[in-house]
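Here are my notes for when you sit down with this one. Keep the sequence and the structure open side by side while you read.

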Amino acid sequence: MKTIILKSTEEIEIMRENALLVSRTLGMLAKHLIPGVTTLQLDKLAAEFLGDYGAVSSFLGYHGYPNSICTSVNEQVVHGIPNNRPLKDGDIISIDCGAYKNGYHGDHAYTFEVGEVAPETKKLLKVTKECLYKGIEQFKKGNKIGDIGYTIQSHAESHGYGVVRELIGHGIGREMHEPPEVPNFGLPRKGTKLKNGMVVAIEPMINMGTKDVLHLNDGWTIITRDGKPSAHFEHDVALVNGVPDILSTFDYIEKDLPFEK
Ligand code: MF3
Ligand code: CO
């Protein structure tokens, strides 16, 4: 088993800056999410914004990934590659963004509504976000990794939703993906013991229908097997003094905070 790299207070503060830069990037993109915009336009805006703040995308070039953000629309679960197809009224889009600066990564994601979205889809987004925060609550001293996944899975399945098994959350630091693995499913009291100084990305990917997914032959995009929508919310979280400290925030998106410094 690979060792988990615990972070110092100073490192956590650098990581908070990177996480918040991603939060501001998502806040900026939220303003552009109107029917007609293409995901490639969003990609360009994100790359410029990160550059303006002295960061580079964590994703660009990662295992050959061709763009700066992942844009996953409707039945796309994660790792959608930006393209020239315009978004339309009623779409949902998960935007996943990573910022690399000062030797550390930030990596977080939000699923947005474009125009007026169907009520059952709104509910999927609400429950997936609840899964994220319920999972984060379990990231505390005395608990184990399995407590996070068990809590996320229980909440999603209580609504009849499918929990994606093929993709999971992860430790984060000098590398975008570090140990430990943080599955969105599992058993309570199982897995690695949680310790102060751990920093993880918790990221439930929840499907309205079946948990099963397919890999498209572009080498990246993951879609639901039944074509029903999927949602994805992700935060970077540090364990400090026994409790979770959420480094990223959705406030730039949801509370309309000004995203410029
Ligand atoms: N952000 C994703 C994750 O949470 C990784 C994106 S894959 C990339 O693990 F290739 F786009 F970088
Ligand atoms: Co991630």
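1. A pocket is an open set of points on a 1 Å grid over the protein atoms alone, where a 1.4 Å probe fits, with protein on both sides within 12 Å along at least five of seven lines; lining residues have an atom within 4 Å of a point.

2. Before going on, note that this is a predicted model, where local features need pLDDT of at least 70 and side-chain atom pairs count only at pLDDT 80 or more, while totals for chains, interfaces and linings use all residues. Residues are numbered from 1 along each chain as its sequence is written, chains are lettered from A and ligands numbered from 1 in the order in which they are written, and side-chain values use heavy atoms, with hydrogens and water left out.

3. The largest pocket has a volume of about 440 Å³ (the space filled by probe spheres set on the points, which are joined across faces, edges and corners). Of its 25 lining residues, His79, Ile168, His170, His177 and Glu203 come closest to the centre.

4. Now the second largest pocket, with about 150 Å³ of space. Its lining includes Ala30, Tyr110, Lys122 and Phe233. Here β5 (104-113) and α3 (119-137) each supply at least two residues.

5. What holds the most contacts inside the largest nonpolar core? Leu42, Ile93, Ile95, Phe139 and Ile202 do, in a core of 53 residues. Such a core is a set of buried Ala, Val, Leu, Ile, Met, Phe, Trp, Tyr and Cys residues joined through side-chain atoms within 4.5 Å, buried meaning under 20% relative accessible area (1.4 Å probe, protein chains only). Its largest share, six residues, comes from α3. A second, separate core has eight residues, among them Ala19, Tyr104, Ile172 and Ala238.

6. Last, find Ser58 in the loop between β1 (56-57) and β2 (69-73). Ser58 counts as buried because its relative accessibility is 7%. Its side chain makes a polar contact of 2.7 Å with that of His105 (a pair of N or O atoms within 3.5 Å, one able to donate a hydrogen and the other to accept it; residues adjacent in sequence count only if both atoms are side-chain atoms).

Notes:
Helix = DSSP H or I, 4+ residues; strand = E, 2+ residues; numbered from the N terminus. Buried < 20%, exposed > 50% of the residue type's maximum accessible area, 1.4 Å probe, protein only.
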